[in-house]
2 protein chains.
Amino acid sequence: MYVIMVYDVNVKRVVKVLKIGRKYLEHVQNSVLEGELSPAQYKKLKHEVSKAIDPEEDAVRFYLLRSTRYLSTEELGLPSRPEQETSFL
Amino acid sequence: MYVIMVYDVNVKRVVKVLKIGRKYLEHVQNSVLEGELSPAQYKKLKHEVSKAIDPEEDAVRFYLLRSTRYLSTEELGLPSRPEQETSFL
């Protein structure tokens with residue numbers, strides 16, 4: 001399945017959450033990652049993220065798509081982040 | 001079509017971009033809005049957002065879904081923002 005993950009977490013936990021996300025997904029915008037995962041991988045990702053965030057302060061949203069046939073993506077502003085661009089960390 | 005909008009903009013322009021987004025979509029997470037739009041409404045939204053952001057500093061991503069049949073959403077942490085919760089502005 002195709003997974004889009006959007007995180008809004010306290011700056012204290014951004015590096016940690018992003019690091020987890022990048023083990024599974026491609027980092028496409030500052031707070032957005034996406035990619036194809038098996039259900040088992042998604043379960044692991046969600047579990048790791050749930051342990052890393054503070055549920056009283058942070059929010060993470062996962063969009064799960066069984067098919068990308070009906071999905072298109074458009075961007076404004078900065079292009080998708082190349083994986084090497086980590087200077088903001 | 002169903003539109004998911006995720007913005008990563010400089011704090012100076014957050015209020016402006018969010019205000020535009022909310023004219024068209026529901027605010028579901030700090031940097032995420034979503035909702036059903038006509039192609040004409042989406043065009044207007046994208047146009048307004050493009051004028052409000054600095055393309056050298058900001059990024060906005062739109063996911064467009066012709067059908068939500070294959071979409072599901074899961075959340076961790078804070079629940080979807082009720083529209084009245086604007087204290088962070």
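Predicted model: local features only at pLDDT ≥ 70, side-chain atom pairs only at ≥ 80, totals over all residues.

**Contacts between the chains**

Modeller: A salt bridge joins the side chains of A:Arg61 and B:Glu34, at 3.3 Å from N to O. The count of salt bridges between chain B and chain A is six.

Biologist: With which side chain does the side chain of B:Glu34 make a polar contact?

Modeller: B:Glu34 sits in strand β3 of chain B, residues 32-36. Its contacts beyond four places in sequence include A:Arg61 and A:Tyr63. The polar contact, at 2.3 Å, is with the side chain of A:Tyr63.

Biologist: Is B:Glu34 buried or exposed?

Modeller: The cut-off for buried is under 20% relative accessible area. B:Glu34 has 8%, so it is buried.

Biologist: Do the copies meet through the same surface or different ones?

Modeller: In contact are 39 residues of chain B and 39 of chain A. Of the interface residues of chain B, 100% are also interface residues in chain A, so the copies meet through the same surface.

Biologist: Which residues of chain B lose the most area to chain A?

Modeller: About 3500 Å² is buried between the chains, and carbon and sulfur atoms give 55% of that area. Three residues together account for 23% of what the side of chain B buries: B:Arg61, B:Tyr70 and B:Leu76.

Definitions and conventions:
Residues numbered from 1 in each chain as written. Chains lettered and ligands numbered in written order. Heavy atoms only, no water. Helix = DSSP H or I, 4+ residues; strand = E, 2+ residues; numbered from the N terminus. Buried < 20%, exposed > 50% of the residue type's maximum accessible area, 1.4 Å probe, protein only. Polar contact = N/O pair within 3.5 Å; in protein donor to acceptor, adjacent residues only side chain to side chain. Contact = heavy atoms within 4.5 Å. Buried area = accessible area lost by both parts, 1.4 Å probe. Salt bridge = Lys/Arg side-chain N within 4 Å of Asp/Glu carboxyl O.
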